[in-house]
Protein chains: 2
Amino acid sequence: MTEPIPASSSAAGLRERKKKMAEQAITEAALHLFNEKGYHGTSVQEIADAVTMSSRTFFRYFDSKEDILSGMIRSIQQEGLTQANELPTETTVREGLRLIFLHLAGLYERQREGLLVRYRIAKQSPALASLFLYATMETEPELCQALALRLKPESLHMDLRFLVALHMTALRVTIEDWLEQDEESSLTASLERRLVF
Amino acid sequence: MTEPIPASSSAAGLRERKKKMAEQAITEAALHLFNEKGYHGTSVQEIADAVTMSSRTFFRYFDSKEDILSGMIRSIQQEGLTQANELPTETTVREGLRLIFLHLAGLYERQREGLLVRYRIAKQSPALASLFLYATMETEPELCQALALRLKPESLHMDLRFLVALHMTALRVTIEDWLEQDEESSLTASLERRLVF
DNA sequence: AATTATATTGTCACAGAGTGACAAAAGTCA
DNA sequence: TGACTTTTGTCACTCTGTGACAATATAATT
């Protein structure tokens, strides 16, 4: 059982590369179609046609049509969780939260384009907006757990759960503001301003 | 064109009464089935069968299967919005928010049973949880607007949008805590404690 | 009470999202 | 090359949700 060591950072097996390419192709085709004909006006079949694959195969890349929109947010939020589990143990909860959320803001900031496209589509329907909202907040419980287990307990004037939720809200509202205004301002800076409750 | 004046408070036309009864019957049957076989394990057809109606008619009472779960929250939140539009104009934003959210807490408190049933079902799947989350927060923009238009502007140390979002979060987290603990505590009191940022 | 008008319901037909099963067509490795 | 493992397409199917239209029940009018 020889380990499948990636030859070079970009090579990494034909299969892996094709997979990533397919994913990207689907995403691009889908977002393009959503902009043209609306989210609901675009069927999975049409997306699949656009990248010349069967709709069955589409569902092997994405669990649902909605995943095309929420996947990006989910993967960013996931990184926040990863960071939470890598924080030095002597960090305090407040410091930890600050680090994690500013880091997240940085990640979002680097993907403004893609995020904006998705945001605009999601605002077309309540069901999609709900998905967006959830994608950002679903890590809340896990984040609480990670922080509670790893970080130095602190005499907080509020419970951890609420504190985490407040940070999430700050991030969420700040992102929305930042996406809705045209001029490119610094998301990280805006968040920092808001994290002083 | 004689006005359709309701004869007595409970009479109010046969149609109206039947409609409400049907709605309630559907809801009860559905929640019962959800508890027995799970949300996804229950089809609309089965719900319709349980109350002896066609599935087509079910969709005339509820826009979607999910509405059975989120409808309750939505109607409560809607009342908060109503109240916002009835607040005396000389109320300050902070006072107004306080009044509205404590009122909402009161409404939720009176419906703990029904809410708990729905909450437990919603936690079965991410998609449902997302719906729940959204149902509580979707009034945010309208609430902001109502407050901005009607209430006495105040020198706030944070913007209205964020302030409203924070109240929403406080309400949400407090409700979750309150639903998850067995002993019946006062939701209103807990919220009041949290509304001191 | 008989008769309009109006609202509700059931039936039918349909489109779209997902999913399981299995065979065909890749890619991988010796 | 040949044996092995993934990935893909096809097919069949369930479920949600909707438009159209006829049948039925309720309401209003005389």
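Let's start with A:Gln77. This residue sits in helix α4 of chain A, which covers residues 67-84. Keep in mind that we are looking at a predicted model.

Is A:Gln77 buried or exposed? Buried. There are 24 other C-beta atoms within 10 Å, and 20 or more is enough to count as buried.

Who are its partners? Set aside the neighbours within four places in sequence. A:Gln77 is then in contact with A:Ala135, A:Thr136 and A:Thr139. Now look at A:Leu104. It is 27 residues away from A:Gln77 along the chain, yet their C-alpha atoms are separated by 7.1 Å.

Over to chain B, and a pair of helices. Helix α4 there spans residues 67-84, and helix α7 spans residues 126-137. They pack at an angle of about 15°, with their axes 8 Å apart. So α4(B) and α7(B) are roughly parallel to each other. Their crossing is right-handed.

Which residues meet? From α4(B), we have B:Leu69, B:Ser70, B:Ile73, B:Arg74 and B:Gln77. From α7(B), we have B:Leu128, B:Leu131, B:Phe132, B:Ala135 and B:Thr136. By type, this contact has six nonpolar residues, three polar and one charged.

Last, the two chains together. Chain A superposes on chain B by a rotation of 180°, with 0.0 Å of shift along the axis. The RMSD is 0.0 Å. That is how a two-fold axis relates two copies. Which residue of chain A comes closest to the rotation axis? A:Ser130, with its C-alpha at 2.9 Å.

And the interface? 100% of the interface residues of chain A are interface residues in chain B too, so the copies meet through the same surface.

Key
Residues numbered from 1 in each chain as written. Chains lettered and ligands numbered in written order. Predicted model: local features only at pLDDT ≥ 70, side-chain atom pairs only at ≥ 80, totals over all residues. Least-squares fit on C-alpha atoms with pLDDT ≥ 70 in both. Contact = placed C-beta atoms within 7 Å. Axes fitted to C-alpha atoms, helices over the stretch in contact; angles between N-to-C directions. Helix = DSSP H or I, 4+ residues; strand = E, 2+ residues; numbered from the N terminus. Parallel < 35°, antiparallel > 145°, perpendicular 65-115°, else oblique. Left-handed = near helix turned anticlockwise from the far one by under 90°. Nonpolar A, V, L, I, M, F, W, Y, C, P; charged D, E, K, R; others polar. Buried ≥ 20, exposed ≤ 12 C-beta atoms within 10 Å, placed from the backbone.
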